[in-house]
Structure formats: structure tokens, C-alpha cells
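Dear colleague,

I am passing on a structure that I have been going through, together with some notes on what was found in it. Please read the notes beside the coordinates.

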Amino acid sequence: MAYDPNNVFAKILRGEVPAHKVFEDDATLAFMDIMPQTRGHTLVIPKAEAENIFDLSPEMLTATILTTRKVAAAVRAAFEPEGMMIGQLNGAMAGQTVFHLHFHIIPRYEPGGFRFHGKPAEDPDLLADHAAAIRAHLDS
Ligand code: 5GP
């Protein structure tokens, strides 16, 4: 499938759709998931037209995973979860719903079942607070 430049993450990259951003550099952007699976659920995307992990250059993939680790460390410092899931879905069959490559950073606070989808949209003010808490640990 060809990359669709009108997917919502491409729109976030172009500034056409708002997002609660926590980190940005030349190659990557990190922002809060609008329907968080847990408190602090954050997404990291490359600034490249890549639908999935197979489409991205090694250099951009390296940049994306390094940003993922950097932001995950800040998420961990901000929310002090018991554990941290870092995951990435390729293709609708795997559960991918937005077709611009992204890594999920999902803090885990308690044992139990887990699904990537099915949560309602979160209060934007709460997402803004969470983004600020993460940024505080990236700035320091
Ligand atoms: P996927 O299933 O493709 O791996 O994950 C897509 C993620 O994007 C989901 O966790 C979903 O909650 C999130 N998402 C979908 N639309 C938006 C949006 O408009 N803004 C943000 N920040 N996240 C979104």
C-alpha cells in the first residue's frame, strides 16, 4: 500500500492537527497518544513518509528508536511505572490503525490484560499536564 500523506500523524507533522508534543528534533517527533492505554502513553514518529518499520531508512529508524528510548526515560521519571512497554504494529492484521510508523511508549502500573485499542479519548487538559510532566524530565 502506498503511503497516504493524509494520515493523521502526517497532519500532526505538518501542523494541521494539534498534538500535545513532548519532544522534537530534526528527524523525530514525540507526543501524547490521544486515547492513552495507560497514564503517560506517548507516541514517537519519524519525520519521513514511512507506513511501517520496513519502509524506513536505517538512519531514520536509528533516530526514531533513540528518541523512543530518550522519551521513555522521561516518561519513566515522570510517572514512575512498575514497567514499560515499547511496541510498534505493522499492518492492519497486526492492529495498526494509523499508517505512519510509530512507536508506542506505554507505562505499566499493574498486572492484567492489555489491548492496544479500545480506550476513549482522554481529557485534553490532562494530556497537556502529562506532556508537561514528561517535558520537565527532558529539559533537566
Ligand atoms: P496503532 O494501532 O496504529 O499502532 O496506534 C495508533 C495510535 O494512535 C492509537 O494508540 C491511537 O490512540 C492514536 N491516535 C489515533 N488518532 C490520534 C490523533 O489524532 N492524535 C493522537 N495524538 N493520537 C492518535
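Which polar backbone atom is 3.0 Å from an oxygen atom of the ligand? It belongs to Val98, and the pair falls within the limits of a polar contact, defined as two N or O atoms within 3.5 Å, where within protein one must be able to donate a hydrogen and the other to accept it, and where residues adjacent in sequence count only if both atoms are side-chain atoms.

Before the rest, some notes on the basis. This is a predicted model, in which local features need pLDDT of at least 70 and side-chain atom pairs count only at pLDDT 80 or more, while totals for chains, interfaces and linings use all residues. Residues are numbered from 1 along each chain as its sequence is written, and side-chain values use heavy atoms, with hydrogens and water left out.

His41 is placed in the loop between β2 and β3 (42–46), where helices (H or I, at least four residues) and strands (E, at least two) are DSSP runs numbered from the N terminus. With a relative accessibility of 1%, His41 counts as buried (buried is under 20% relative accessible area, exposed over 50%, partly exposed in between, with a 1.4 Å probe and protein chains only).

Thr38 is placed in the loop between β2 and β3, and it counts as buried at 17% relative accessibility. Its C-alpha atom is separated by 9.7 Å from that of Ile105, 67 residues apart along the chain.

**The largest pocket**

The largest pocket has a volume of about 440 Å³. A pocket here is an open set of points on a 1 Å grid over the protein atoms alone, where a 1.4 Å probe fits, with protein on both sides within 12 Å along at least five of seven lines, and lining residues have an atom within 4 Å of a point. Grid points are joined across faces, edges and corners, and the volume is the space filled by probe spheres set on the points. Of the 26 lining residues, Phe9, Asp33, Ile34, Met35 and Leu43 are the closest to the centre. Both α1 (8–13) and β2 (28–32) supply at least two residues of the lining, and the largest share, 3 residues, comes from α1.

**Other positions**

Glu80, in the loop between α2 (58–79) and β4 (83–87), is exposed at 65% relative accessible area and has a positive phi of about 50° although it is not a glycine. Ala121, in the loop between β5 (103–108) and α3 (124–139), is likewise exposed, with 58%, and its C-alpha atom is 7.5 Å from that of Pro36, 85 residues apart along the chain. Leu127, by contrast, is placed in helix α3 and is buried, with a relative accessible area of 3%.

With best wishes
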